[in-house]
Amino acid sequence: MINYYVYDSPIGKIGIGEEGGKITDVNFERSACKPHEYVTAETPMIKKAHAQLEEYFAGKRKSFDLPLEPGGTDFQRRCWNALIDIPYGETRTYADIARAAGSPQGFRAAGMANNRNHIAIMIPCHRVIGSDGSLIGFGGGLDVKKYLLELERRHASD
């Protein structure tokens, strides 16, 4: 059973899920993407994840130091690892993620993997943009994506 707790943040309510001492979910309440079965509980790991997210929103944290369990297929995991490898304050395209995941022609599949990411911000799917530089496809909403990218750009050289 997944433990799940909701916090307020600068971008609205964020739900954090944990099971077996690993983070399974970080999602935006407005996207209605919650674990199917969960109990409302604020565990020590969820508190730690929340503290790291608060540091991130304050511009003091550029990467996360938490055990993550995103689930997914081998391809999805390769895509999500490629997302984690995107430096703070930078962006990549879906084609870049597909190449990094070992499937150069699989940019649509990389987009679907991005869509299936249940650990937003920590697995930074917001750092993926369209090939023309446009902001596209984000479960938290394009306004949130823009906010996160601007936050990172402001603090990238700190």
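Helices (H or I, at least four residues) and strands (E, at least two) are DSSP runs, numbered from the N terminus. Just after helix α1, Gly59 takes a positive phi of about 80 degrees. This is a predicted model, where local features need pLDDT of at least 70, side-chain atom pairs count only at pLDDT 80 or more, and totals for chains, interfaces and linings use all residues. Residues are numbered from 1 along each chain as its sequence is written, and side-chain values use heavy atoms, with hydrogens and water left out.

**Overall architecture**

- The chain holds five helices and six strands.
- Read from the N terminus, the order of elements is β-β-β-β-α-α-β-α-α-β-α.
- The chain has a radius of gyration of 15 Å, which agrees with the value near 15 Å for a compact globule of 158 residues. The radius is taken over C-alpha atoms, and the globule rule is 2.2 Å times the number of residues to the power 0.38.
- Along the principal axes, the C-alpha atoms fill a box of roughly 40 × 35 × 25 Å.
- Of the 158 residues in the chain, 47% are buried. Buried means under 20% relative accessible area, exposed over 50%, and partly exposed in between (1.4 Å probe, protein chains only).
- The chain exposes about 8,000 Å², and carbon and sulfur atoms supply 50% of that area. Accessible areas come from the Shrake-Rupley method with a 1.4 Å probe; for residues, only the protein chains shown count as cover.
- Take the contacts between residues at least 6 apart in sequence: 60% of them join residues at least 24 apart. Contact means heavy atoms within 4.5 Å.

**Helix α1**

- Helix α1 covers residues 44–57, 14 residues in total. Its first and last C-alpha atoms are 20 Å apart, close to the 20 Å expected at 1.5 Å a residue. The expected span is 1.5 Å times one less than the number of residues.
- Its buried residues are Met45, Ile46, Ala49, His50, Gln52, Leu53, Tyr56 and Phe57.
- They cover an arc of only 165 degrees around the axis, which puts them on the same side of α1. The arc is that of the directions from the helix axis to the C-beta atoms.
- An α-helix has 3.6 residues a turn, so residues three or four places apart point the same way.

**Helix α4**

- Ala110, Gly111, Ala113 and Asn114 are buried in α4.
- Viewed down the axis of α4, these buried residues fall within an arc of 160 degrees, so they line one face of the helix.
- Arg108 and Asn115 are exposed, on the face of α4 turned away from its buried side.
- The packing partners of the buried residues of α4 are α2 (74–84), α3 and β6.

**Residues in strands**

- Asn27 lies in strand β3. Its relative accessibility is 4%, so Asn27 counts as buried.
- The side chains of Asn27 and Tyr4 are joined by a polar contact of 2.6 Å. A polar contact is a pair of N or O atoms within 3.5 Å; within protein, one must be able to donate a hydrogen and the other to accept it, and residues adjacent in sequence count only if both atoms are side-chain atoms.
- Thr93 sits in strand β5 (residues 92–93). Thr93 is buried, at 16% relative accessibility.
- Neighbours within four places in sequence aside, Thr93 is in contact with Val128, Ile129, Gly130 and Ser131.

**Loop residues**

- Ile121 is not a glycine, yet has a positive phi of about 70 degrees. Its place is in the loop between α4 (107–115) and β6 (128–129). At 1% relative accessibility, Ile121 is buried.
- Gly102 is in the loop between α3 (94–100) and α4. Gly102 counts as exposed, at 58% relative accessibility.
- Gly102 and Ile119 are 17 residues apart along the chain, and their C-alpha atoms are separated by 22 Å.
- Gly139 belongs to the loop between β6 and α5. Its relative accessible area is 59%, so Gly139 is exposed.
- From C-alpha to C-alpha, Gly139 and Ile123 are 13 Å apart in space, and 16 residues apart in sequence.

**Asp143 in α5**

- Asp143 is in helix α5. Asp143 is partly exposed, with a relative accessible area of 47%.
- Asp143 and Ile11 lie 132 residues apart in sequence, but 9.0 Å apart in space, C-alpha to C-alpha.
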